[in-house]
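Dear colleague,

Please find below the structure that I promised to hand over, followed by an account of what was found in it.

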Amino acid sequence: MRTRARKRKLGQPAGTGDRPACSPFALAFALAFASVISMARIAVIPGDGIGQEVIREAVKVLRVAAEAGGLTFEFSEWDLGADRYLRTGVAITESELGMLGAEHDAILLGAMGDPRVPGNEHAREILLGLRFQLDLFINLRPVRLYEARFTPLRDVRPEDVDIVIFRENTEGPYVGMGGNFKAGTVDEVAIEEDISTGKGVERILRAAFDYARREGRRSVTLSDKANAMIHSGRLWRRLFAEVGAEFPDIERSAVYADALALDLVLRPSKYDVIVAPNLFGDILSDLAAALVGGLGLAPSASLHPGRPGLFEPVHGSAPDLVGTGRANPLAAILTAVLLLRHSGYTEMAQIIEDSVRESLRRDETTPDLGGRLTTSEVGDRVAERVRMAAAV
Ligand code: NAD
Ligand code: IPM
Ligand code: MN
């Protein structure tokens with residue numbers, strides 16, 4: 001699939017210098033990450049379950065944006081997911097992993113996970129395969145309250161929740177080191193190694209502090225469990241102090257992950273940039289999404305500056321929603337916003353984000369946000385708004 005359209009001023013990828021200052025997505029793609037490319041080659045992996053349904057809407061919006069804004073996007077769709085795995089026995093090949101990284105500027109992925117693959121092995125091979133193979137060490141998850149009525153919390157205003165989570169994305173227990181000894185017996189031993197390397201910890205901390213400084217953010221909070229996990233805790237805390245000392249303009253604090261889970265609910269306005277090891281970042285990002293309307297509004301980007309990014313909503317394949325028309329496509333559409341921002345298309349990214357915001361304001365949403373529209377109707381409304389705004 002291919003979308004080409006004439007170029008005009010709006011369609012030119014913008015340099016990072018002219019990005020709008022108001023949005024967390026603009027903020028999320030600051031100098032460190034944004035690269036300017038003239039034509040975006042986007043690999044699309046719809047994946048499993050509602051991944052297929054929400055990515056269809058995100059691509060719909062991107063196509064309209066390309067058409068109306070004079071952008072050149074080239075899409076290639078990849079059949080990767082449970083169906084292909086069950087059909088062929090192969091989740092993803094080395095050569096596919098290589099091509100996805102080498103021949104694209106960005107990868108847009110829906111979700112991986114299917115009840116027919118209870119061990120989730122295809123999802124790990126594809127999703128973690130891409131994150132690890134491309135060494136996408138930053139998993140950036142912005143959390144913003146668009147409308148006060150979407151939070152389940154009392155007395156919280158939109159300006160109170162504007163958090164960016166920097167989740168380490170290539171280490172921790174996700175590396176798959178370990179094994180089962182005496183498997184299947186009463187004496188079974190399961191070992192899941194939790195890896196932190198000096199290089200891995202330092203680069204994610206530095207990414208978080210760099211970002212905070214560049215975007216005028218006031219603080220970086222480290223979330224760990226240094227009280228129980230003493231070895232990795234010692235490394236994270238030492239490097240947090242060392243890297244943080246290079247950023248005297250940024251406040252820093254370390255909060256245990258359990259205490260942070262509590263405090264995020266009680267006092268979300270205290271938090272700004274949060275940096276966390278892989279597993280805590282995963283859990284905290286679902287919790288934080290719940291503060292602003294749920295997984296239907298939570299986008300994410302896995303990044304390594306200078307490499308193609310992997311853009312995926314925070315949510316999974318939601319087997320309970322498949323085929324019902326109730327899957328909220330806005331997380332996927334906001335993920336496309338991150339993709340555009342990262343690729344330097346800051347103006348168009350802003351147009352799409354504003355269109356989403358307007359849809360939210362008018363209650364043009366799926367039932368999870370109190371609306372009555374279906375997945376594709378929500379996508380249609382956003383696309384129509386983008387068409388009008390981009391054509392002005
Ligand atoms: P999930 O994120 O799929 O769903 C959790 C809850 O949120 C469900 O009640 C679901 O209905 C709701 N939800 C999720 N996305 C929604 C959306 N767009 N609109 C409205 N409601 C939405 O998490 P789960 O149920 O734990 O996992 C299902 C499968 O997805 C598992 O196989 C899991 O491993 C996988 N998963 C994949 C990814 C990914 O590919 N990035 C992320 C998370 C989970
Ligand atoms: C996410 C998901 C994945 C993760 C799973 C599906 C392996 O929960 O992207 O948040 O834990 O990273
Ligand atoms: Mn998760």
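**Ligand 1**

In this predicted model, a backbone N or O atom of Ala318 lies 2.8 Å from an oxygen atom of ligand 1; a polar contact is here a pair of N or O atoms within 3.5 Å, and within protein one atom must be able to donate a hydrogen and the other to accept it, while residues adjacent in sequence count only if both atoms are side-chain atoms. Asp320 places a polar side-chain atom 2.7 Å from an oxygen atom of ligand 1, and His315 has a polar side-chain atom 3.3 Å from a nitrogen atom of this ligand. Taken alone, ligand 1 exposes 810 Å², of which the protein buries 66% (accessible areas by the Shrake-Rupley method with a 1.4 Å probe; for residues, only the protein chains shown count as cover).

There are 20 residues around ligand 1, and Met112, Gly316, Ala318, Asp320 and Asn328 come nearest (a residue is near a molecule or strand if one of its heavy atoms lies within 4 Å of it). By class, this shell divides into 10 nonpolar, seven polar and three charged residues (Ala, Val, Leu, Ile, Met, Phe, Trp, Tyr, Cys and Pro count as nonpolar, Asp, Glu, Lys and Arg as charged, and the others, Gly among them, as polar).

**Ligand 2**

The residues around ligand 2 are Leu127, Arg131, Arg141, Arg167, Tyr174 and Asp282. Two of these are nonpolar, none is polar and four are charged. Arg131 has a polar side-chain atom 2.7 Å from an oxygen atom of ligand 2, and for Arg167 the distance from a polar side-chain atom to a ligand oxygen is 2.7 Å. An N or O atom in the side chain of Tyr174 is 2.5 Å from an oxygen atom of ligand 2. On its own, ligand 2 has 320 Å² of accessible area, and the protein covers 76% of this.

**The chain as a whole**

The chain has 12 helices and 13 strands (DSSP runs, numbered from the N terminus: helices are H or I with at least four residues, strands E with at least two). The C-alpha atoms fill a box of roughly 60 × 55 × 40 Å along the principal axes.

**Conventions**

Residues are numbered from 1 along each chain as its sequence is written, and chains are lettered from A and ligands numbered from 1 in the order in which they are written. Local features need pLDDT of at least 70, side-chain atom pairs count only at pLDDT 80 or more, totals for chains, interfaces and linings use all residues, and side-chain values use heavy atoms, with hydrogens and water left out.

With kind regards
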